[in-house]
Amino acid sequence: FPVTIRPGTLSIQPDDNDGQDTYLDESATTTNRDKTSLILGTNSSTKHKFPWLKFPLTSLPAGATVTGVKLRLYALSTMTVGATIKRVLVNAVENQMTWNKYNSATSWNTAGAKGSGTDVAAADLFSGNIVGVINTYVDITLDATEFANVVTTNYGLIIQDTESTANKSLTIGSFYNADKYRRPELIIEFTLSTNWTVNIVTGK
C-alpha cells in the first residue's frame, strides 16, 4: 500500500569539521578568533564582538521551500543582548576573518561587517533581544523568506549586537565545543512541491 511522506523538519548541528564559526573582535581588529567559544556584545570599553556562523545546508532537499527557521544557541553565561542577525554577502574565510577583513587580503566594506548591502544584507534575519541564561538553550526565530537567500548563496550569518553600554556580552557554545549538545543548531521547517510516495508490500 502507498504511504505518502510529507517533508517537515531538518535539524543541523554539526561539529567543527562541517560547521564553521568565529567572531569579529573590535578590541583586537587584526586577530582571528577561530576555534573558541563565541562572544556577542560589548566589553568594558564598549568594543563589540560579533559571532559569525556558517551551517552546511547541503542536506536540505533540492527544491525545498523554507517555511520556518530557528537558530538554537547554547548560553555559557547569563546576559540579555540586543542584536540583529544578518546574511553575509561576501565569501568570508573562517580562519582568516577579523574585524577589519573577511579574508587575509580583503577588507570588509565597513569594518565589523557593517556595510549594509555590501558586507551584509539590508534585510534582517532577526532583530531584537537575545536572552541568554547560563547552561540553557536560546531559541531565535529567523525570517524564513530572507533565509531562503542564505540557502541560495551560503556565506554564513553574522550576529551583530546593537548595545551602546559596556559589559553587555553573552558567551555562546561553538561548533568546537566537545559537548555536541552545546553546539549551535539550525532547525529548518520546509515543504516540497511534490510529496514522496513509497509502496509498501506486506506478506499474507
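A cavity here is a set of points on a 1 Å grid over the protein atoms alone where a 1.4 Å probe fits but cannot get out; the points are joined across faces, edges and corners, and the volume is the space filled by probe spheres set on them. The count comes to one cavity of 30 Å³ or more.

Before you click further: this is a predicted model, where local features need pLDDT of at least 70, side-chain atom pairs count only at pLDDT 80 or more, and totals for chains, interfaces and linings use all residues. Residues are numbered from 1 along each chain as its sequence is written, and side-chain values use heavy atoms, leaving out hydrogens and water.

**Stop 1: the cavity lining**

Select Leu53, Lys54, Phe55, Leu57, Phe147, Val150, Asn154, Gly156, Leu157 and Leu186, which line the largest cavity (lining residues have an atom within 4 Å of a point). Two elements, β5 (48-54) and α1 (144-152), each give two or more residues to this lining. Helices (H or I, at least four residues) and strands (E, at least two) are DSSP runs, numbered from the N terminus.

**Stop 2: the cores**

Next, show Leu142, Phe147 and Leu186, the residues with the most contacts inside the largest nonpolar core, which has 34 residues. Strand β6 (residues 65-74) gives the most to this core, with four residues. A nonpolar core is a set of buried Ala, Val, Leu, Ile, Met, Phe, Trp, Tyr and Cys residues joined through side-chain atoms within 4.5 Å; buried means under 20% relative accessible area, exposed over 50%, and partly exposed in between (1.4 Å probe, protein chains only). A second, separate core of 13 residues includes Phe50, Trp52, Tyr102 and Val120.

Now center on Leu186. Leaving aside residues up to four places away in sequence, Leu186 touches a set of residues including Leu10, Ile12, Phe55, Leu57, Leu142 and Phe147 (contact means heavy atoms within 4.5 Å).

**Stop 3: helix α1**

Which residues of α1 are buried? Color Ala144, Glu146, Phe147 and Val150 to see them. Viewed down the axis of α1, these buried residues fall within an arc of 155°, so they line one face of the helix; the arc is that of the directions from the helix axis to the C-beta atoms. On the face turned away, find the exposed Thr145 and Thr152. Among the elements covering the buried residues of α1 are β6, β8 (120-132) and β12 (185-191).

Note on methods. On a 1 Å grid over the protein atoms alone, a cavity is a set of points where a 1.4 Å probe fits but cannot get out, and a pocket is an open set with protein on both sides within 12 Å along at least five of seven lines; lining residues have an atom within 4 Å of a point.
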